[in-house]
Every structure is written in structure tokens, then in C-alpha cells.
Amino acid sequence: MVMKKQYPVYIASLLALLLTLTSPFAFATSVMATVSKNKVVKNEVFQLRIVVDKKVSSDALDLSVLDSDFYVGRPSFGSSINIINGDRSTRSEWNITLAAQRLGVATIPVFSIDGASSQPIAIQVAMDTNEPKASDLIEVQSKLSKTQLYPNESAILSTRLIVKADPRRLQNPNIIPPKANGVSLTPLGEPKQYQSVLEGVEVTVVDQSYRVTADTAGEFTLNGIGFKGSVVYGDNRTSTTKLVSADTPAETFQIVVEAIPDNYQGAWLPAASLNLTQQWTDSSGDDITASNTYKTQVGESITREINLDIQGLASERFPELKIDYPESLRVYQEKPQFEDLGDGKTRMTIKQVLIAQRPGTIHLTEVNLNWWDSDNKSAQTAHLQGFQLDVAPASGLSNEPLQPAVSSAQSIQTVVEYQAGFWPYLTALFATLWLVTLTLWLKGRKLTPQLLQPELANSTTEQLIAALKADDKVRANFLLTTWLNENPDLDEQLKQKIAEQAFSMNQSQYSTDVNSWQAKELISLVKQGVKQHSSRKQKAEDLAHL
């Protein structure tokens, strides 16, 4: 009887439990937020964890609400499903690295999903007297070479970033480039990064230079480089990790650009310093420095190299040097070459090859270049000294002015046919008999093969052919003149062909068309000359025997 009375009680309890488990509140979403510590010092790193008991996407929570009081690291997110003894559970979790950015009480706000919310968390933030300053971690340096300029003039902005902490501990590092209004900024090359030692500590250094060019007169502001980012700093004393701000502002410069003086004459050319020099060399590459007069001959080349060094001017703003030469000189000029000499100096180099066309005296006048000394605020003139050439007739070549090779269309000759009669047959007979006699005579003399070879052992000949094959036109021109002097017995037709090839070679020396002239033909003519010389020498020896 007692057992029967207990059945309704057990049934009622079981029904109540089932109703509780199947009610909407039993399956409601829950959101829980926890932190690794709630008492920290400023910039100390701690962890925030947010757990939701259902599967949601990574962007289901808005974490930007933390930005006002905390540095927020990149969050990690994951979802999982667990089944234990038939019980299934789902979990979504965020882990975020935080660092408090202000003193006092910083609050982690409420996070809500599907009507469920976490509890707010108060974080006590105190000051750490041992925290390093930004300058202990990052240092930026900016140096401007000049703050007073003229239009078109340039100054050099040298910048340096010094990272005193381990570069691997930098968080979101960003070098803020320099900026300015009213002046142009151009990087000079690529940034240079290297390791160095500062006060006994190894540091990482990044150097970068910029050219600051003034365009118009006025007063302008230039900002050097800055830095924005943080450094993960470990405090061994407290065994804590901090995220210290390393934001460093840029240094500011005031630039004054003066107007162009009204009394300046000539093309505007401002510079802190300017140096104009020249160098003369002969066809063999030797300097011509003995006097202002040089003796040469028609067809011989002379090289003039002009160097213009300017401090405070970009290469694209260099002046164009226009030099007038007399018509008796043929001039070949290379494109100007530019070289950075450091300290804001740039060198422009111009190479010219001069070839006299007629004998006589040629006067080369001096070259003057007006410029403005921006340091001393005064007009200056740079000049190149004049030069005199005493041109003698060409030795071994015709004294007439060199002319270009005659085209194939102009070299056509008119041939008149006539009745030859029996003379061709009689001539052929005598030629055949002469060849037979010559063959028998050579066998009788028992000539060695060396006597039948051209005499290429001549040192000048070998050097000339080597220079032509190496495409050293200046040296080849000098050696060709020497070779012609050593071989004065060449026939006039061969001399003329050599003269035409020498002219084409000199003309192509500074031509933009690399295939405008080839040395093969001139080498062949030189070898023909060697054969002529050998043949005439052999005949002279034979006559001596007779």
C-alpha cells in the first residue's frame, strides 16, 4: 500500500523535469566574457576570451567597441562540436590580446548575440614607472642641407630611422614619409637597412635621402619622416608583457624660396657650387696638357671631355652646353652622362671627338657659362679656356677633305665595246706560257711556304687588326695613320679605299646605329696592303739576286 502511494509523486517529478528541459529557456543562447587579469598597468598585455554556446560566424561580434580604451590585437576565432555520451554541444570562441591605453578604470563592454549578453568587466589600470619611453625604442632623425633656396635649386633631406628594440617585436610598424607643399620631393635611390651599434647596443638602421626642389618663390613647410607603431616589451622584474606605443612625430622645417634676381643675365642657373673643367686627349689616349696649341694632321682624332659639377641641382635641370665649332672640324658627341658625387653634387660628362678636315690653323674659342651663387647671392661665370689646332696635311692619305664613301649608284662606269680581233687569243697564249714558266721557276727556287704568306708579323699591323676587331676606333685610327706611314708604297686606289673606310669608321664612332659600320672591310684592305708590300719586297730581292 505504501509503494502505491509513492507512484504519483515520482511521476509528477519526472513530468516536471521533462517540462523544464523542453522549455525555451533550456535552449537559450549564452554569452560569457572573461579576462586573464583585471588589474594591469598601462600598456600591459592581457587576454580577453568570449564564448558563445552555439555556432556563429567570426564577425558575429563587433570588437571595434574596444578601440576607445584598448589596443586590440588580431583576434583568433574557432568553432567546435563536442559529443560526449550522446550529448551534443556547440561552442564558438574568440581570443583577443588587449593592452589598456589609459589610466583609471577601463571597461570591457557588453557583447550580445541572439538576445543573450555578456557581463561588463572593469579593468583597473595603473601607471608603471619602469615603462620605457617611445624614444627608448624608436628614434627618427631628419636633416635638411639648406633651408633657403632659389627656384630650380635643390636641397638634400637625409632621414634615418633607428630601431632600438628587437625588430621582431614591432607591431604594425609604419614609416611616415616626408611631405611638403610648394616643393618637390624625390627619393634618391632605395632605402638602406643595416645593423649598427649605438652606445653599445645593437640597433637596426634605415637610411633614406630625398631631393627637395624648389619650384616657385615663397615660404613652405617640410615635414621629415615619422613613425607609427608599437613594440612588445617584456618586463623581467614583474614578468609582464606590455605593448608600448612607439609613435614618433616628424621634425618640421621652414623653407624660404627667394625670387630670381632682376639683374641676373642669361639662362637661370642657381647652384651652391659649380665647377666647369675640360680634358684633351690625342688619338692614342694621351693627355694634351703641354700648351694651348696642339699639332695634329687631317684625319687624326682628338677627344674633348667636359665635366660640369653642380651642387644643388637635379640632373634633369642641368643646362645644355652648346659649343660652336668651325666647319673645318667634324664633331661626334656622346649623350651626356650623369654621376652622383654625394653631398648633393652631380656631375655631367660630355665627350666629343674632333677630326680636322683641312690643313691650317683652327682656333677654338673659350666657353662661358653664367650661374648664380646661391650661398653668396652673387652672379658668377665659369669658363673653359680656348684651344688652337695646327693641322698638317695627312701623311699617307690624300690632302683633300675626307669624303664619304661613294654609293654603288655613283660608281657605275660606262663600258664601250669594240671588235677585239685576234688579240685576245694571242694574249691568252702568252699568259698561259708565262704561268707555266713561273711555276717551273718557283719549283726550282724551292721556296718555303713562309715566303708565300703575307707578312703579318709587323707589330703595327697586328695591333691595328686587333684594335679593329676589338672595336677600339680611337686606337685603330691612330694605328692606321702609323701603318700608312710605314707602308708608303701602296697604290693610290688602295689608299683611297682605306681613306673611305677610315672616314666611315670615324663617322660611326658616336652613331646611334651600332651596325652602321663594320671593321671587316677595312681589315681586308689592310691585309691587301700587307700583300702588296710583301710582293714588292720579294721583287726587290729577286732583282738584287740578278
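Start by selecting E305 and K351, whose side chains meet in a salt bridge at 3.9 Å, N to O. The term salt bridge here means a side-chain nitrogen of Lys or Arg within 4 Å of a carboxyl oxygen of Asp or Glu. This pair links distant parts of the chain: E305 sits in strand β25 (residues 301–311) and K351 in strand β28 (residues 345–356), 46 residues apart. Strands (E, at least two residues) and helices (H or I, at least four) are DSSP runs, numbered from the N terminus.

Before you move on, a word on what is on your screen. This is a predicted model, in which local features need pLDDT of at least 70 and side-chain atom pairs count only at pLDDT 80 or more, while totals for chains, interfaces and linings use all residues. Residues are numbered from 1 along each chain as its sequence is written, and side-chain values use heavy atoms, with hydrogens and water left out.

Now colour E305 and K351 by accessibility. E305 is partly exposed, with a relative accessible area of 21%, and K351 is also partly exposed, at 32%. For these labels, buried means under 20% relative accessible area, exposed means over 50%, and partly exposed is in between (1.4 Å probe, protein chains only).

Next, select K146 and D375. K146 lies in the loop between β11 (138–144) and β12 (148–149), and D375 in the loop between β30 (367–373) and β31 (378–384), so the pair ties together parts that are 229 residues apart in sequence. K146 counts as buried, at 17% relative accessibility.

For a helical stop, go to K495 and E492. Their side chains meet in a salt bridge at 3.7 Å, N to O. Both residues lie in helix α6 (residues 492–507), three residues apart, which is about one turn of the helix.

Finish at S68, in the loop between β3 (45–52) and β4 (70–72). S68 counts as exposed, with 60% relative accessibility. Select Q101 as well and draw a C-alpha to C-alpha distance: S68 and Q101 are 8.5 Å apart in space and 33 residues apart in sequence.
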